[in-house]
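Here are my notes on the model you sent. Please read them with the structure open.

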Amino acid sequence: MNGKRVIVIGSGLGGLSAAISLAQEGYEVTIHEKNAKIGGKLNVLKAEGYTFDLGPSILTLPHIFERLFERSGKKMSDYIPIRTVRPHWRNFFEDGTVVDLDPDPDRMAAQARKAGENPENVRRFLKYSSNLYDLVNAGYFEQGLDTAAAFRDFYGLGKFLKFDLFRSMHGGVKRHLKTRYMQDIFDYFIKYVGSSAYHSPAFMNCMATIQFRYDLWYVDGGLYHIALGLQRLMDELGVKLCLNSEVVEVGKENGRVTDIVTRDGTRHVADIIVSNMEVIPAYEKLLHEDEILMKSLERFEPSCSGLVLELGLDRKYPQLAHHNFFFSDRQKEHFHTVFRKRLLPPDPTIYLVAASKTDPTVAPAGCDGLKILPHIPHIDDAKPLTREDYMAFKEQVLVKLERMGLTDLRKHVVFEHCWTPHDIREQYGSNKGSIYGVVSDRFKNLAFKAPKQSTKYPNLFFVGGSVNPGGGMPMVVLCGQNVAKNVVSWNRR
Ligand SMILES: Cc1cc2nc3c(=O)[nH]c(=O)nc-3n(C[C@H](O)[C@H](O)[C@H](O)COP(=O)(O)OP(=O)(O)OC[C@H]3O[C@@H](n4cnc5c(N)ncnc54)[C@H](O)[C@@H]3O)c2cc1C
């Protein structure tokens, strides 16, 4: 132990990763989590024989998680059992076309032909994606770059131009892929960060490589086993965990943060505070910052939210794969409606998970449990939608799924659970019910998020989807590791 006390506010994956990494560096770490269990958006619902991942259902880049275990001389496989999923995604279109994504080049080429796309176009797109990934990964991801100056120093002008800065993500897709099917599918990789392919920068096309080079993974028994595995590691490292312990205030004095106050009125002193509560709500609600600071953060607009619908069925739909996408017939309009007009989309692209295709333990025999997730706008507090609005939208989603092949879906529902953006905000304290932190938008923030170290209080750090490199499980875990590095090097100075 180095004698320094760190308080982590929140036990989302970013908070857990920071807590573990700091404990490994000898800090005395305590986590205060407002909910009754750890994991934040990595969440589970068990009911009537079904197990649903309420949050993430796709694990990518497991090597980033593995580092947390390696640093303690352990193996992740002893804590978290993972396996690959085939196909990666099954994609359904309104005209009846069905195309799978598969990392095997020959199988992918066959799927491209089925969609009328020259397989060579897909190969060239994946090469373009791969180059972008290597570029983005070297600095932005692995070095944890946070500022324009750090970017300039690491990349220099020559490499900066290779980011394909003058195109949107869709522009990068369209340059390589000619059919509407393949364009819609590769545009929808933007789902991993809850943004729009038409408004995010082209370098977001690096995301296809995350799946095609490093594969797509499932955790046996459901993804919440990631949280359980990390909890075991934290226990072994002596990280203290206070559940049902909401932080309501952060104390400050002479330009430093000093302590936290929990809902029961207790004050806890710390040398360093790491907030896994998002940057904007933390500054506003815990630190009561003035309008000048809050205004400077407006460019970090929240990502989209979602309607999170779980259905227990009394039958199986054999045409489904583990991960399925039911595409909007007008995907450009879908993105514009959600991200510019901020309205519920009349014809959304729908993500649907049937984990029972890989793991029979998550549904009763002969039945499917479905998680259905259309992306919808974050909350507009000036004109909030009602639960009735969201329920009418839910009905529209179910009608679309029935039209696209899930015949009589509504007649086979024996269990239902549904969260709107208001439930998401209430549950995780996220900004306006966002599900991936900050939106990636080339005009608003060029896909950059807030920095990990507070610009106002040097001993206050942030971790999770609202800071660089942003949302998604592997990114927030990487963020936690980079926060620990930042804390250590700041402390040495
Ligand atoms: C429906 C859904 C589907 C998703 N699908 C995927 C996917 O398939 N793959 C993927 O990689 N990612 C996915 N994501 C995104 C991923 O879940 C998140 O990016 C990631 O888990 C967020 O981690 P975080 O560190 O930002 O913390 P969060 O998960 O946001 O957790 C923050 C924690 O802080 C706590 N907290 C907040 N305020 C306070 C306070 N004042 N006091 C104490 N505690 C507080 C909250 O209760 C919460 O536990 C999905 C998210 C959702 C919601």
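**Notes on the model**

1. Start with a strand pair. β16 and strand β17 (residues 350–353) pair in the antiparallel sense, over 4 bridges. Strands pair if DSSP finds at least two bridges between them. Helices (H or I, at least four residues) and strands (E, at least two) are DSSP runs, numbered from the N terminus. Across this pairing, F325 stands opposite Y351 in β17.

2. A word on the source. This is a predicted model; local features need pLDDT of at least 70, side-chain atom pairs count only at pLDDT 80 or more, and totals for chains, interfaces and linings use all residues. Residues are numbered from 1 along each chain as its sequence is written.

3. β16 has another partner. Strand β6 (residues 89–92) pairs with β16 in the parallel sense, over 3 bridges. Here F92 stands opposite F326 in β16.

4. Are the faces of β16 (residues 323–326) covered or open? Both are covered. H323 and F325 are buried on one side, N324 and F326 on the other. Buried means 20 or more other C-beta atoms within 10 Å of the residue's own, with C-beta atoms placed from the backbone; exposed means 12 or fewer, and partly exposed lies in between. In a regular strand, side chains alternate between the two faces of the sheet.

5. Now the ligand. Its shell counts 37 residues, and the closest are G10, G12, G14, G40 and G464. A residue counts as near if its C-beta atom, placed from the backbone, lies within 6 Å of the molecule. By class the shell has 14 nonpolar, 19 polar and 4 charged residues. Ala, Val, Leu, Ile, Met, Phe, Trp, Tyr, Cys and Pro count as nonpolar, Asp, Glu, Lys and Arg as charged, and the others, Gly among them, as polar.

6. Two helices deserve a look. α1 (13–24) and α15 (473–492) each supply at least two residues of the ligand shell. α1 gives the most, with 3 residues.

7. Where does the ligand lie relative to the domains? Domain 1 (1–42 + 59–84 + 221–300 + 449–493) and domain 3 (302–431) both give residues to the shell, so the ligand lies between them. These bounds come from an automatic or database domain assignment. That assignment also gives domain 2 (108–215).

8. Check the domain 1 and domain 3 contacts. 11 residues of domain 1 are in contact with 9 residues of domain 3. Contact means C-beta atoms, placed from the backbone, within 7 Å. The domain 1 side has 3 nonpolar, 5 polar and 3 charged residues.

How values were computed: Contact = placed C-beta atoms within 7 Å.
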